[in-house]
Amino acid sequence: MTSPKLGVYVHWPYCARICPYCDFNVFKDRKGDEPAALARAIVADLEAQAALTGPRELVSIFFGGGTPSLMDPDWAGEIVSAARRLWAAAPDLEVTLEANPTDAEAQRFSAFAAAGVNRLSLGLQSLDDAALRFLGRNHDAASAIRAAQAAARAFPRLSIDLIYARPGQTPRAWADELRAAVDLGAEHVSPYQLTIEAGTAFDRAVRRGALTPPDAEAGAELFDVTQEVLQAASFEAYEVSNHARGAAARSRHNLVYWTGEDYVGAGPGAHGRITADGARQATYAAPKPADYIARVAESGLGFATREALDPREAAQERLLSGLRITEGVAREEVAALQIAAPTVADLIALGLLADDPHRLRVTAAGRLVLDRLTRELAA
Ligand SMILES: C[S@@+](CC[C@H](N)C(=O)[O-])C[C@H]1O[C@@H](n2cnc3c(N)ncnc32)[C@H](O)[C@@H]1O
Ligand code: SF4
């Protein structure tokens, strides 16, 4: 019998500069000993969590942040080796690193490839210098292009992140920018609509009236342009904001989340989902690096809390993530929600859900109103 699959998420929380739109768990890059201590704590945490998961087939390791491309590539290598030692690596194990496209980071790409990273997720965000300044980025378009070219040479797989629906952005300018980004050769593109997150510098600017993001109609038009340009370039929208050139180019790691597989979370603020003792357990690590390191030193395990999800909560989570991908979610996986048959029939009649007796799957029209649709089904 094969072991259940497992993904590993590693959170590296440091950034050279905090971007005004970002509400991830991030801290200004630390000089002293803390980053090295954090790398050691992450290895110890993985060792302790392996005792909880038991034998698994390791399908993905994802270094997210923050800015993991700022970490010492040797530390990334030690974390990858530890994970490979603790679980049975799948032959096509995906190891992704998020990177910012500065020249300094691009110079270390080959060292990360030697450490075992085989997929780079590059935070290009834009190819327009004015937009990059507006987004508070510490790179310009020329260095972003150089970084993408270096990444394409160093790694077999490249994904790029872009942020659109910026103030004043026209559909034509966005289409041109997106085409130029696609020409850089990525097999995977994640274009995200700019979201004003509570508590960020952009949120404060919106409240002061200094920043006006595009309204919903303009956002929808830019979303449509995104789909058209990427479809014409042979990308499949396998998830709301994720497009891949062919099935092999899909993010294996994101599929762990969206198909309800287990994952271990290590590093400050990391979440995990582990099936143990007959229930799906949610783990949460302390957000501050010093607290996380202290916790690992005390107990071995990095997470601060672990709670078993009840069947309804687990099904709700499956619905939320499953509806994001084209394959949807099997009806039996969300049986605990006891969704009324007429509700599903109505959504099918409205053209928002596909007419599939086995799976709940959203149509292209349904994807545009995904939040509303999910609320209706999970009510
Ligand atoms: C963990 S972040 C960034 C990784 C890397 N540090 C970087 O900045 O390139 C992952 C992605 O989320 C997206 N993102 C973060 N905050 C966002 C926001 N408020 N609106 C839209 N996209 C956002 C960006 O595209 C970013 O690349
Ligand atoms: S967008 Fe990236 S670089 Fe900017 S603060 Fe967030 S994680 Fe750090």
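By class, five nonpolar, three polar and two charged residues line the second largest pocket. This is a predicted model, in which local features need pLDDT of at least 70 and side-chain atom pairs count only at pLDDT 80 or more, while totals for chains, interfaces and linings use all residues. Residues are numbered from 1 along each chain as its sequence is written, chains are lettered from A and ligands numbered from 1 in the order in which they are written, and side-chain values use heavy atoms, with hydrogens and water left out.

**Overall fold**
- The chain is built from 15 helices and 16 strands (DSSP runs: H or I of at least four residues for helices, E of at least two for strands, numbered from the N terminus).
- Its radius of gyration, taken over C-alpha atoms, is 21 Å, close to the 21 Å that the globule rule (2.2 Å times the number of residues to the power 0.38) gives for 379 residues, so the chain is as compact as a globular protein of that length.
- Along the principal axes, the C-alpha trace spans about 55 × 50 × 45 Å.

**Second largest pocket**
- Its volume, the space filled by probe spheres set on grid points joined across faces, edges and corners, comes to about 200 Å³.
- A pocket here is an open set of points on a 1 Å grid over the protein atoms alone, where a 1.4 Å probe fits, with protein on both sides within 12 Å along at least five of seven lines; lining residues have an atom within 4 Å of a point.
- Phe223, Asp224, Gln227, Ala237, Thr326, Val362, Thr363, Ala364, Arg367 and Leu368 make up the lining.
- Helix H9 (216-232) and helix H14 (364-368) are the elements giving two or more residues to that lining.

**Ligand 1**
- Of the 18 residues around ligand 1 (a heavy atom within 4 Å), Gly66, Asn100, Gln125, Arg137 and Asp161 come nearest.
- By class, this shell has six nonpolar, eight polar and four charged residues (Ala, Val, Leu, Ile, Met, Phe, Trp, Tyr, Cys and Pro are nonpolar; Asp, Glu, Lys and Arg charged; the others, Gly among them, polar).
- Strands S5 (88-99), S6 (119-125), S7 (157-164) and S8 (188-193) each supply at least two shell residues.
- An N or O atom in the Gln125 side chain sits 2.7 Å from an oxygen atom of ligand 1.
- Nitrogen atoms of ligand 1 lie 2.9 Å from a backbone N or O atom of Thr195 and 3.5 Å from a polar side-chain atom of Thr67.
- Taken alone, ligand 1 exposes 570 Å², and the protein buries 92% of that (Shrake-Rupley method, 1.4 Å probe).

**Ligand 2**
- Around ligand 2 are Cys15, Arg17, Ile18, Cys19, Tyr21, Cys22, Val26, Gly66, Thr67, Asn100 and Arg137.
- That shell has six nonpolar, three polar and two charged residues.

How values were computed
Polar contact = N/O pair within 3.5 Å; in protein donor to acceptor, adjacent residues only side chain to side chain.
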